[in-house]
Amino acid sequence: VVAERCFVSVDQGYHANLKEMSLTVAPYTFFSEHSATLTKIDLQSNRLASIPYELFQMAALKDLNVSNNQLSILCGDEIAWFCAALADLDASHNTLQHIPYKLFHLPQLVNLF
């Protein structure tokens with residue numbers, strides 16, 4: 001269960017701060033309930049082997065940090081990416097074996113780590 005204290009209201013939307021919580025599964029229900037207003041998701045330093053592909057379909061998402069996990073893939077190339085507002089993606093310190101080509105077509109992407 002994700003505590004509501006991890007969900008912070010800011011001027012332009014909401015931030016989900018879930019870093020260093022020893023998560024092995026990303027809380028999809030939590031994200032889906034707030035998908036229209038989440039602008040930042042911080043999942044860094046957990047134990048995630050995968051993340052829900054739905055994260056890449058969140059239109060309001062601007063900043064996603066999934067660094068320092070156990071990810072070998074972000075999502076497959078067959079997944080539609082609707083996160084046109086995504087500007088910052090930090091997937092560093094994982095064991096990524098593949099970078100989806102659609103990532104390089106995101107119009108707002110500025111920082112990729």
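What follows is a conversation about how the descriptions of this predicted model are reached.

Trainee: What makes up the secondary structure of the protein chain, and in which order do the elements run?
Mentor: The protein chain has 1 helix and 6 strands. Starting at the N terminus, the order is β-β-α-β-β-β-β.

Trainee: Why is the protein chain called as compact as a globular protein of its length?
Mentor: Its radius of gyration is 13 Å, and the globule rule gives 13 Å for 113 residues, so the chain is as compact as a globular protein of that length. Along the principal axes, the C-alpha trace spans about 35 × 30 × 20 Å.

Trainee: What share of the residues is buried, and what share of the contacts joins residues 24 or more positions apart?
Mentor: Buried residues are 42% of the 113 in the protein chain. Of the contacts with a separation of 6 or more, 45% are between residues 24 or more positions apart.

Trainee: What is known about the surface and the charges?
Mentor: The accessible surface is about 6,200 Å², and carbon and sulfur atoms account for 51% of that. There are 6 positive and 11 negative charges, and their mean positions lie 4 Å apart.

Trainee: Which residues touch the most other members of the largest nonpolar core?
Mentor: They are Phe31, Ile41, Leu43 and Leu64, in a core of 29 residues. At least two residues of this core come from helix H1 (28–33), and at least two from strand S3 (38–42). As for Leu64, its contacts beyond four places in sequence are Ile41, Leu55, Phe56, Leu86, Asp88, Leu89 and Asp90.

Trainee: Why is glutamate 20 called exposed?
Mentor: The cut-off for exposed is over 50% relative accessible area. Glutamate 20 has 59% relative accessibility, so it counts as exposed. Glutamate 20 sits in the loop between strand S2 (13–17) and H1.

Trainee: What is noted about the phi angle of glutamate 20?
Mentor: Phi of glutamate 20 is near 55°, which is a positive value in a residue other than glycine. Asparagine 68 also has phi near 55°, again positive in a non-glycine residue. The place of asparagine 68 is the loop between strand S4 (63–65) and strand S5 (88–90).

Trainee: Why is asparagine 68 called partly exposed?
Mentor: Buried means under 20%, exposed means over 50%, and partly exposed is what lies in between. Asparagine 68 has 32% relative accessibility, so it counts as partly exposed.

Trainee: How do you know that lysine 19 is partly exposed?
Mentor: Its relative accessible area is 36%, which lies between the 20% and 50% cut-offs, so lysine 19 is partly exposed. Lysine 19 is in the loop between S2 and H1. Beyond four places in sequence, lysine 19 contacts Asp42, Leu43, Gln44 and Asn46.

Trainee: How far apart are lysine 19 and phenylalanine 82?
Mentor: They are 63 residues apart in sequence, and their C-alpha atoms are 24 Å apart in space.

Trainee: Alanine 91 is in a loop. Why is alanine 91 called buried?
Mentor: Buried is set at under 20%, and alanine 91 has a relative accessible area of 6%, so it is buried. The loop in question lies between S5 and strand S6 (111–112). Alanine 91 and leucine 106 are 15 residues apart in sequence, with 16 Å from C-alpha to C-alpha.

Trainee: What makes arginine 47 partly exposed?
Mentor: Its relative accessible area of 43% falls between 20% and 50%, so arginine 47 is partly exposed. Arginine 47 belongs to the loop between S3 and S4.

Trainee: Which residues does arginine 47 touch, not counting those up to four places away in sequence?
Mentor: Arginine 47 touches Ser22, Leu23, Thr24, Asn69 and Gln70. A contact requires heavy atoms within 4.5 Å. Arginine 47 and serine 22 are 25 residues apart along the chain, and their C-alpha atoms are separated by 5.7 Å.

How values were computed. Residues numbered from 1 in each chain as written. Predicted model: local features only at pLDDT ≥ 70, side-chain atom pairs only at ≥ 80, totals over all residues. Heavy atoms only, no water. Helix = DSSP H or I, 4+ residues; strand = E, 2+ residues; numbered from the N terminus. Rg over C-alpha atoms; globule rule 2.2 N^0.38 Å. Buried < 20%, exposed > 50% of the residue type's maximum accessible area, 1.4 Å probe, protein only. Areas by Shrake-Rupley, 256 points an atom, 1.4 Å probe, with all protein chains shown as cover. Lys, Arg positive; Asp, Glu negative; His and termini not counted. Charge placed at Lys NZ, Arg CZ, Asp CG, Glu CD. Core = buried A, V, L, I, M, F, W, Y, C linked by side-chain atoms within 4.5 Å.
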